[in-house]
Amino acid sequence: MKIDTNDILNSILDSLTNIDYIRAEEIPNINLYMDQVTTFMDEQLASTKRYEDDKILTKTMINNYTKNHLLPPPEKKKYSRDHVLILIFIYYFKNILSIKDIETVLKPLTEKHFSGETSVDLASVYKEICEIEQDRVEPLKETVKTAYEKSMSAFSDLPEGEERDELKLFAFICSLCFDVYLKKEMIEKLIDELEKKKKGNKKEKN
């Protein structure tokens, strides 16, 4: 069976064009019980699921995030808008980062915003991040197209047929994976620097 790689590329580009996110103003500005939080997240992020039975967020997940210091505990069993914003960040981070790394990344944010030590509200931070990411969609599409074109020109010494098509698709997957690998390496180095800074600050206080 012939693999239509062009259809695959178009599908990927369409998914990038149609990528969406939860807007800060869509998050209820009232405190929510856990069931309400999971329902809201399930409804808003349903389009990001790979499989129908995938779980966006469960009570167990929320409890684990609190236990592992990713998410500040609720007040009187209710979660604020800021809690929901942190949960959204966690949802995307957990695909590539460990629980420990997510804690390191979020700690400066949660400590300041949940203690009132900052003049910038978390919704404004979230909006700014979303705007940055939206501006990166078109350049990302061009990067994907370039990776695709290079992969499709590979294995030119092989005769046309299913084997060559499979290898070209494999090359395309490897190219995309390599991008993820390099970015993950960079992210982990940044996180390690955050850890060093945190340990340095603790020593200074002592």
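Q: What volume does the largest pocket have?
A: Rolling a probe the size of a water molecule over the atoms shows where empty space is left. In this predicted model, local features need pLDDT of at least 70 and side-chain atom pairs count only at pLDDT 80 or more, while totals for chains, interfaces and linings use all residues. Residues are numbered from 1 along each chain as its sequence is written, and side-chain values use heavy atoms, with hydrogens and water left out. The largest pocket has a volume of about 2600 Å³, and among its 50 lining residues Ile19, Tyr92, Asn95, Ile96 and Glu133 are the closest to its centre. On a 1 Å grid over the protein atoms alone, a pocket is an open set of points with protein on both sides within 12 Å along at least five of seven lines, a cavity is a set where a 1.4 Å probe fits but cannot get out, and lining residues have an atom within 4 Å of a point. Points are joined across faces, edges and corners, and a volume is the space filled by probe spheres set on them.

Q: Which element gives the largest share of the lining of the largest pocket?
A: Helices are DSSP runs (H or I, at least four residues), numbered from the N terminus. Here α8 (162–205) provides the largest share, nine residues.

Q: How many cavities of 30 Å³ or more are there?
A: The count comes to one, and about 30 Å³ of space lies in the largest cavity. Its lining includes Met41, Tyr65 and Lys94, and helix α4 (residues 81–93) gives the most to that lining, with three residues.

Methods:
Helices (H or I, at least four residues) and strands (E, at least two) are DSSP runs, numbered from the N terminus.
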